[in-house]
Amino acid sequence: MNIPRLVVAAPSSGAGKTTVATGLIAALAARGLAVSPHKVGPDYIDPGYHGLAAGRPGRNLDAFMCGPERIAPLFLHGAAGADVAVVEGVMGLYDGASGRGELASTAHVAKLLRAPVVLVVDASSQSRSVAALVHGFASWDPEVRLAGVILNRVASDRHEQLLREALEEGSGVPVLGSVRRSAAVATPSRHLGLIPAVERSAEALRAVADMGELVAASVDLDAVLALARTAPPLDAEPWDPAAEMAELVAAGVPVAGAPRAGAPRIAVAGGAAFSFSYAENTELLTAAGAEVVPFDPLHADGLPEGTAGLVIGGGFPELYVRELSANGQLRSAIAAFAASGGPVAAECAGLLYLGRELDGLPMCGVLDTAARMTERLTLGYREAVALHDSPLAPTGTRVRGHEFHRTVCEPGAGERAAWGWRLPTGPRTEGFAAGNVHASYLHLHWAGSPQLAASFAAAAAAHRAN
């Protein structure tokens, strides 16, 4: 299978690669092409904008959480049926997991995908020096094919001329476009980055359309497509959640299967307060024999009828704390479900929601912990081991995940902690494995640990049978 593809990278964060990548996706889609959007790393927000632009889910490619061996298969799975794929990088081109060389960097993923790289350069404070910068990035790793440059935040025609002359003379990398400074395509940010597309609705659609129009007017789309078509075939098969489950069954791992009474219903929180999710997680739950039913805690007055399992992922509950607290009917329903032994898996925002309170306002009260906003950002990849049995993971399960939050829970772990991991400051226990509840700050991409979906679906099936 060969899908035309390219990677949009930058020398550093803040160069405008999200604007360019989203604009490329929108501009190509406006031509009638089926565009598959992807994002390197654990980011949840950029894929939301990609998805709006493409009309299909934005998917993540994280070599740390999912393993390098799964990157090409996951890409092929997500890009099935697409005419072209656009992969937005993370941070700077060569920035990866801290202390682990190239692992999980944009360059690493580009090599795994055998994809040409387009470098987005913030040209706002330079002219001739741009050639030295691009030459350095192009020559750093000969296995990375830096095949084009898009100049961003260009001030004028004269500025563009100087930049192009320098690059023609000194870099050997063609310029595919020159994007002028534009306040019209700015996407508002807050404490954890861009405001998610799901929260902005009409505004987000307008911003994506503006990005597409800007890129279409500023970038040679024919040259971009020609470059994407130079990517060679990948020697891999598409990732298949059903095949993952079949392998686990063959290894003796229990899954929900297809019970006679029907698939166990797993409610998955969504909406503006819980917008962080990976599409593969729910695909794995479905493959494990569950029926996945989304619901919005901001508006639902109870759990979906017949709920046998509950998943509450990440998001921004701190911004909707009053609305979440005011929905006492749902909070009571969740507390009752957990008290009945219903399996619950919660990440980050879900952890906060299950606690006694968040910023002084009552939450579900499932866990004996209180959460509050802080100024400190906790960020980074983690290698964790399950310290106690839970519906998500039996004791000893090893996973790779990611932390990203500005809140703190007191206490941060229960008597039965969910995970243990080691930081430079020493070992740490984190999260709660209380009753049939697993709650933690750790974000997990279940494609990297498909046994998590199998375990949770089996727990939901067992609860339904009781």
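Is Leu-221 buried or exposed?

## Leu-221

Leu-221 is buried, at a relative accessible area of 6% (buried means under 20%, exposed over 50%, partly exposed in between, with a 1.4 Å probe and protein chains only). The residue belongs to helix H10, residues 221-228; helices are DSSP runs of H or I with at least four residues, strands are runs of E with at least two, and both are numbered from the N terminus.

Beyond its neighbours within four places in sequence, Leu-221 is in contact with Leu-24, Ala-27, Leu-28, Arg-31, Val-215 and Ala-216 (contact means heavy atoms within 4.5 Å). Leu-24 is 197 residues from Leu-221 in sequence, while their C-alpha atoms are 8.0 Å apart in space.

## Basis of the model

The model is predicted: local features need pLDDT of at least 70, side-chain atom pairs count only at pLDDT 80 or more, and totals for chains, interfaces and linings use all residues. Residues are numbered from 1 along each chain as its sequence is written, and side-chain values use heavy atoms, leaving out hydrogens and water.

## Overall fold

The protein contains 16 helices and 22 strands. Its C-alpha trace spans about 70 × 50 × 45 Å along the principal axes. The radius of gyration is 23 Å, which agrees with the value near 23 Å for a compact globule of 466 residues (taken over C-alpha atoms; the rule is 2.2 Å times the number of residues to the power 0.38).

Of the 466 residues, 58% count as buried. Among contacts between residues at least 6 apart in sequence, 76% join residues at least 24 apart.
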